[in-house]
Amino acid sequence: MDKDFAFLKEIAMKLARDTTISDYVRYGHVACALMTDKGNVYTGVSINAKCGIGFCAEHAAIADMLKAGETKIIKLVSASDKEVVPPCGRCREFIRQINNDNFNTRVLINGFEAKTIRELLPYSWSMEKL
């Protein structure tokens, strides 16, 4: 694992703190740290609420990145406090749609192996458009 992934993994695992704040909401069971092509790091945590309300940590990190006017993600790590977890399919597609170059985003899928979004979405519905 390269030093960037090690750094992002450390950040994500520190931010991942599964916390219940009410009978309806818990947050932080997954955290995400991503690095842009400019070398900036953005983070987010998951929020789960009753009735299917909430969002993934990757969405929160991407929102943080978009506030800064950036769209190109080069590396991304999502994790619980115990292990790296790959982004769900919805997040993979969201990453891809933010910037066409994000097909090349490298994602740590376990503690030692990275794959590109293109590898994780081999049959994207929009491939013919790229």
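Mentor: Buried means under 20% relative accessible area, exposed means over 50%, and partly exposed is in between, using a 1.4 Å probe on protein chains only. Keep in mind that this is a predicted model, where local features need pLDDT of at least 70 and side-chain atom pairs count only at pLDDT 80 or more, while totals for chains, interfaces and linings use all residues. Residues are numbered from 1 along each chain as its sequence is written, and side-chain values use heavy atoms, leaving out hydrogens and water.

Now to your core. It has 16 residues, and the ones touching the most other members are Leu 34, Ile 62, Met 65, Ile 73, Leu 76, Ile 95 and Ile 117. At least two residues each come from strand S2 (25-36), helix H2 (57-67), strand S5 (73-79) and helix H4 (117-120). (Helices, H or I with at least four residues, and strands, E with at least two, are DSSP runs numbered from the N terminus.) H2 gives the largest share, 4 residues.

Zoom in on Met 65. Skipping neighbours within four places in sequence, Met 65 is in contact (heavy atoms within 4.5 Å) with Leu 34, Thr 36, Tyr 42, Glu 70, Thr 71, Ile 73 and Ile 98. Apart from this core lies another one of 10 residues, including Phe 5, Ala 33, Met 35 and Ala 79.

On to the charges. Side chains of opposite charge can pair when their charged atoms come close. A salt bridge here is a side-chain nitrogen of Lys or Arg within 4 Å of a carboxyl oxygen of Asp or Glu, and the count comes to 11. Take Asp 101 and Lys 72, whose closest N and O atoms are 3.7 Å apart. This pair links distant parts of the chain, 29 residues apart: Asp 101 sits in the loop between helix H3 (89-98) and strand S6 (106-108), and Lys 72 in the loop between H2 and S5. Asp 101 counts as partly exposed because its relative accessibility is 39%, and Lys 72 does too, at 29%.

Another bridge joins Lys 3 and Asp 4, at 3.9 Å from N to O. Lys 3 is exposed at 68%, whereas Asp 4 is partly exposed at 21%. Both belong to a network of salt bridges that also takes in Asp 2, Lys 75 and Arg 106.

Definitions and conventions. A nonpolar core is a set of buried Ala, Val, Leu, Ile, Met, Phe, Trp, Tyr and Cys residues joined through side-chain atoms within 4.5 Å.
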